[in-house]
Amino acid sequence: MQNPDEDTEWNDILRKKGILPPKEVPKDDEEEELALQQQSVVKAYEDMTLDELDENEDEFGEDDEAAIEMYKQKRLAEWKATQMKNIFGEMGEISGQDYVKEVTKAGDGVWVVLHLYKPGIPLCALINQHLSSLARKFPQTKFLKSISTTCIANYPDRNLPTVFVYLQGEMKAQFIGPLVFGGMNLKADELEWRLSESGAVKTDLEENPKKQIEDKLMSSIRCSLPTRNDSESEDED
C-alpha cells in the first residue's frame with residue numbers, strides 16, 4: 001500500500017483533487033515561511049510611496065495597519081523635508097563671501113538665478129522687480145541678486161545687468177549687458193521665457209512672448225505699406 005505522505009506525483013494529484021488531505025508542513029518550516037511572508041510585507045511597505053500605500057491599503061490585513069500608518073508618517077515626513085528644502089519663494093541678496101554657500105553648494109537639483117546689478121541703473125531695478133515676481137511664481141528655483149563689485153571685483157558697469165544661471169555649481173546660461181534684455185521694454189514673461197530656455201524654471205508659456213510682439217509689429221508694418229495697385233494708381237495720376 002502506498003504511503004499518502006510520500007512526495008510522489010500521484011499523491012500530489014490526489015491532494016489537488018481533495019482525495020488526500022494536504023501534506024502537513026513541519027512546525028519549523030511553518031514558522032520560517034511565516035517569517036519570510038512578514039519580511040516581504042515589510043519590504044513592500046518600505047518600497048511604496050504615499051500614493052501606493054493608500055492604493056494598496058485594502059490588500060493588507062488588520063495586523064498590518066499599524067505598520068502601514070508608521071510608513072505613511074515616515075514617507076510624509078520625508079516629502080515635507082524635501083519640499084521645505086527646495087522652497088525659496090523670494091529673492092535673496094548675497095555678497096561675494098556668500099557665493100560658494102548660496103550658489104556652488106545650493107544643493108542637488110537646485111537651479112540658481114543670480115542677478116549682478118548696481119543701484120541707480122534703471123534696467124537693473126526693472127530686472128530685480130521682474131525676478132522678485134518670478135521668485136514667488138517659481139519657489140523651487142533660488143533667485144539671488146548681488147551688487148556686481150561686491151560679488152566680482154572690478155566688474156565693469158557696461159556689462160550690467162548680468163544674469164547667471166547655475167545648476168549644482170555649473171553655469172548653464174548667462175545674459176550680459178542691456179542689449180541682451182532689450183532695454184526698458186523688457187516684460188516679466190519675456191524674462192521668464194529666457195530662463196525657461198536655460199532650464200531654470202518650468203514655464204506654462206507656450207511660445208516666446210517677444211515673438212508675438214514682433215509678429216504684431218511686422219503685421220502692422222505690412223498693413224501700412226502701399227499695395228501694388230495703389231502704387232500703379234499714383235503713377236497713372
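## Loop residues

Glutamine 168 has a relative accessibility of 49%, so this residue counts as partly exposed. Buried means under 20% relative accessible area, exposed over 50%, and partly exposed in between (1.4 Å probe, protein chains only). Glutamine 168 sits in the loop between E4 and E5. Its phi is near 55 degrees, a positive value in a residue other than glycine.

The model is predicted: local features need pLDDT of at least 70, side-chain atom pairs count only at pLDDT 80 or more, and totals for chains, interfaces and linings use all residues. Residues are numbered from 1 along each chain as its sequence is written, and side-chain values use heavy atoms, leaving out hydrogens and water.

Asparagine 154 also has a positive phi, near 60 degrees, and is not glycine. This residue lies in the loop between helix H7 (148-151) and E4. With a relative accessible area of 74%, asparagine 154 is exposed. Proline 161 is found in the loop between H7 and E4 too. The peptide bond from leucine 160 to proline 161 is cis, with omega near -5 degrees.

## The whole chain

The protein has eleven helices and five strands. These are DSSP runs, numbered from the N terminus: helices are H or I with at least four residues, strands are E with at least two. The protein has 237 residues, and 28% of them are buried. Take the contacts (heavy atoms within 4.5 Å) between residues at least 6 apart in sequence: 60% join residues at least 24 apart.

Glycine 92 gives an example of a link across the sequence. Glycine 92 is in strand E1 (residues 92-93). Not counting residues up to four places away in sequence, glycine 92 touches Phe143, Leu144 and Lys145. At 23% relative accessibility, glycine 92 is partly exposed.

## Helices H6 and H9

Helix H6 (residues 122-137) packs against helix H9 (residues 188-198). The angle is about 65 degrees, and the axes are 10 Å apart. That makes H6 roughly perpendicular to H9 (65 to 115 degrees). Axes are lines fitted to C-alpha atoms, for helices over the stretch in contact, and angles run from 0 to 180 degrees between N-to-C directions.

Which residues of H6 and H9 make the contact? H6 uses Ile127, His130, Leu131, Ser133, Leu134 and Lys137. H9 uses Ala188, Leu191, Glu192 and Leu195.

Histidine 130 belongs to H6. At 10% relative accessibility, histidine 130 is buried. Leaving aside neighbours within four places in sequence, histidine 130 contacts Leu186, Lys187, Ala188 and Leu191. In H9, the buried residues include Leu191, Trp193 and Leu195. Just after H9, glycine 199 takes a positive phi of about 100 degrees.

## Nonpolar cores

A nonpolar core is a set of buried Ala, Val, Leu, Ile, Met, Phe, Trp, Tyr and Cys residues joined through side-chain atoms within 4.5 Å. The largest core has 21 residues. Ile127, Leu131, Phe143, Phe181 and Leu195 touch the most other members. Strand E2 (111-117), H6, strand E4 (162-167), strand E5 (170-176) and H9 each give two or more residues to this core. H6 supplies the largest share, six residues.

Leucine 195 shows how far such contacts reach through the sequence. Beyond its neighbours within four places, leucine 195 contacts Val113, Leu131, Leu134, Phe143, Val163, Val165, Phe175, Ala200 and Val201. A second, separate core has 15 residues, including Val110, Tyr117, Leu144 and Phe164.

Terms used
Parallel < 35°, antiparallel > 145°, perpendicular 65-115°, else oblique.
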